Amino acid sequence: GKIEFDDQTTDEINFLNCRVGIGTDTPTYPLTIYNTTYASQIWLTGSGGSMFLGHDSSTATVGTYTTPLRFYVNYGERMRITTNGDVGIGIASPSNKLHVEGSGGGSAGIYLNSAVPSTTTNTLYNNGGTLYWSGSQLATGVGSQWVTSGSDIYYNSGNVGIGTTSPATLLELSKTDASPVLTVTSATDTTTYDPYIAFRTGATPSTQAVVGIDYSDSNKLKLVRGSDISSSTGITLDSSGNVGIGTTPSYPLHVSGATRITAGLHVGNTAPYSDNAINDFNNNSSSLMRFGQDYTHNLFLNWSYNATPANAQAQIGTYGYSNPIYIDASGIYIQSYNSNNVGIGTASPNSKLHIAGAIATALSTKTTNYTLTATDSTILGNANSGAITLTLPTTSGITGRIYTIKKIDSSTNAVTVDGYGSETIDGAATYSLSAQYKYVTIQSDGTNWVIIANN
């Protein structure tokens, strides 16, 4: 049978065949609600809020009015939608729009079947076991090779490539369209923190050296032994390009301590020799090296430049000529500028050249005609086989040069000394040594020869 409750114009509630109809007299389900004017809704209201289920011509609705919406399965809450729209699965207080939390096993994780959506923009999906976001690969289905330990993350095997799929070393950065740059930043104004790279060795690794920026020392670049970049100067490069070894540099290269160079040192703008020497070559200016006590008391070695290399000069001296030069191994002593005396074997020369001891000069014997040169000093003439002539070099440019010529044979053949061209010997064109052991010592005055000794 059928039971109706109505307001005399429209059926409101009908009971028919164990079905209840509200707004219809032909319910097809145990409870059927129908309204052609307003949305069909069921409201459950309590002291803490309201819940409703409803449907209009195109949309089904389930919700709450002022409280979260909770979903229970098997006597337990499994999902919740908070009042601000956050969805929590396995958690009552989701911290994001979707928050999934499980205890492990089958209750943990999110499963995505392998399927590529028609629109991938801002979409997370699984394609053949590889996870993608917005069309770009995130990770493979074999799982991440990174392991977390507290706040640490590590990778114990293989190489890591950034920008390359075949890294050659533990870490390789690769770029084809820009420079691959590794940046180490200390983003703080405190001088306590320095950006650097540390190098460790040992079964129980300890830091052996660090390279980086010493923020507390005007941002100098340093390579130091040990673990504290601010406790040593090591090798230091300042902002002006000066390099210091064992010291804070004040010059382009500043070394504190003994230095050994085994393959030569080159200074200048031309290619160096491959030798163990200090080479200072400049093809357009003079070269100068100084050794000493300070700027005004030092020894200098100078190459005085000349556009014609053969006319250039080598110079050795002391700054301002204020200090003497003493060559210890040879016992040569050169006094300061005031006297300019040179002593050999004495530190107190009383003349321009003071030799404390015997001297040796060139000695040779001639038996035929001969012209004297700059390498001669004493010539012994032997005229046993016939008279000979010993010709002197021109006096021009050799003012002060001295020669000694002596006849050593007992023959009557003369040894004749002949001036160069029209140059004379004490006014005569020649000088004859006709007897054994006769000699003459002559000196150039720059124009002619002057006899200073004879017998």
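Begin by selecting Glu77 and Arg70, which form a salt bridge (a side-chain nitrogen of Lys or Arg within 4 Å of a carboxyl oxygen of Asp or Glu) whose closest N and O atoms are 4.0 Å apart. This is a predicted model, in which local features need pLDDT of at least 70 and side-chain atom pairs count only at pLDDT 80 or more, while totals for chains, interfaces and linings use all residues. Residues are numbered from 1 along each chain as its sequence is written, and side-chain values use heavy atoms, with hydrogens and water left out.

Glu77, at 24% relative accessibility, is partly exposed, as is Arg70 at 45%; here buried means under 20% relative accessible area, exposed over 50%, and partly exposed in between (1.4 Å probe, protein chains only).

Next select Lys97 and Asp86, a salt bridge with its closest N and O atoms 3.5 Å apart. Lys97 lies in the loop between β10 (87-89) and β11 (98-100), whereas Asp86 lies in the loop between β9 (76-81) and β10, 11 residues apart. Lys97 is exposed at 57%, but Asp86 is buried at 9%.

Move on to Lys220, which is buried at 10% relative accessibility and forms a salt bridge with Asp217, the closest N and O atoms being 3.2 Å apart.

Key. Helices (H or I, at least four residues) and strands (E, at least two) are DSSP runs, numbered from the N terminus.
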